[in-house]
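Subject: Structure handover

Hello,

Here is the structure you will be taking over. Please open it first, then read the notes below.

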Amino acid sequence: MNFVANQDVREHIREANVKMWAVARRLGIADSTFCRRLRFELPRTEKQKIMAAVDELWEESQYAETD
């Protein structure tokens with residue numbers, strides 16, 4: 001079985017149905033940089049920032065669907 005770094009972050013992005021490039025943009029970094037950062041396990045504080053960005057994008061998408 002292969003270990004996938006930041007599996008919790010990846011699942012959160014998938015479950016929220018947001019794009020990785022959108023998360024990167026929200027964080028103010030290039031999508032290629034974001035993907036490279038996910039290759040190795042991130043510190044908890046960095047993960048929390050990413051999760052917060054994903055949650056914001058999800059909330060925005062929910063609001064946009066109700067309009």
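Let me start with one pair. The side chains of D8 and K47 meet in a salt bridge, 3.1 Å from N to O. (A salt bridge is a side-chain nitrogen of Lys or Arg within 4 Å of a carboxyl oxygen of Asp or Glu.) D8 sits in helix 1 (residues 7-16) and K47 in helix 4, so the pair ties together parts that are 39 residues apart in sequence. Helices here are DSSP runs of H or I with at least four residues, strands are runs of E with at least two, and both are numbered from the N terminus.

Before more detail, the ground rules. This is a predicted model, in which local features need pLDDT of at least 70, side-chain atom pairs count only at pLDDT 80 or more, and totals for chains, interfaces and linings use all residues. Residues are numbered from 1 along each chain as its sequence is written, and side-chain values use heavy atoms, with hydrogens and water left out.

Confidence

pLDDT is the predictor's confidence in each residue, from 0 to 100. The protein averages 94. A score of at least 70 is reached by 94% of the residues. Among the elements, helix 2 has the highest mean pLDDT, 98. Helix 4 has the lowest, 92.

Overall layout

The protein has 4 helices and 0 strands. The order from the N terminus is α-α-α-α. The C-alpha atoms fill a box of roughly 40 × 25 × 20 Å along the principal axes. Contact means heavy atoms within 4.5 Å. Of the contacts with a separation of 6 or more, 66% are between residues 24 or more positions apart.

Buried residues make up 25% of the 67 residues. Buried means under 20% relative accessible area, exposed means over 50%, and partly exposed is in between (1.4 Å probe, protein chains only).

Back to K47

K47 lies in helix 4, which covers residues 44-66. Is K47 buried or exposed? K47 counts as buried because its relative accessibility is 12%. D8, E41 and K47 are linked in a network of salt bridges.

Other salt bridges

How many salt bridges does the whole structure hold? A search finds 5. One of them joins E60 and R26, with the closest N and O atoms 2.8 Å apart. That pair links distant parts of the chain: E60 is in helix 4 and R26 in helix 2, 34 residues apart. E60 counts as partly exposed at 42% relative accessibility. R26 also counts as partly exposed, at 30%. The side chains of E46 and R37 form another salt bridge, at 3.8 Å from N to O. R37 is partly exposed, at 38%.

The core

A nonpolar core is a set of buried Ala, Val, Leu, Ile, Met, Phe, Trp, Tyr and Cys residues joined through side-chain atoms within 4.5 Å. The largest one here has 14 residues. Those with the most contacts inside it are I13, V18, V23, F34, I50 and V54. Helix 1, helix 2 and helix 4 each give two or more residues to this core. Helix 4 supplies the largest share, 4 residues. Not counting residues up to four places away in sequence, V54 touches H12, I13, A16, V18 and V23. In helix 2, A22, V23 and A24 are buried.

Two more spots

R14 is in helix 1. R14 is exposed, with a relative accessible area of 56%. The C-alpha atoms of R14 and V54 are 9.7 Å apart.

Just after helix 2, G28 takes a positive phi of about 80°. I29 lies in the loop between helix 2 (20-27) and helix 3 (31-37). I29 is in contact with A24, F34 and R37, leaving aside neighbours within four places in sequence.

Best regards
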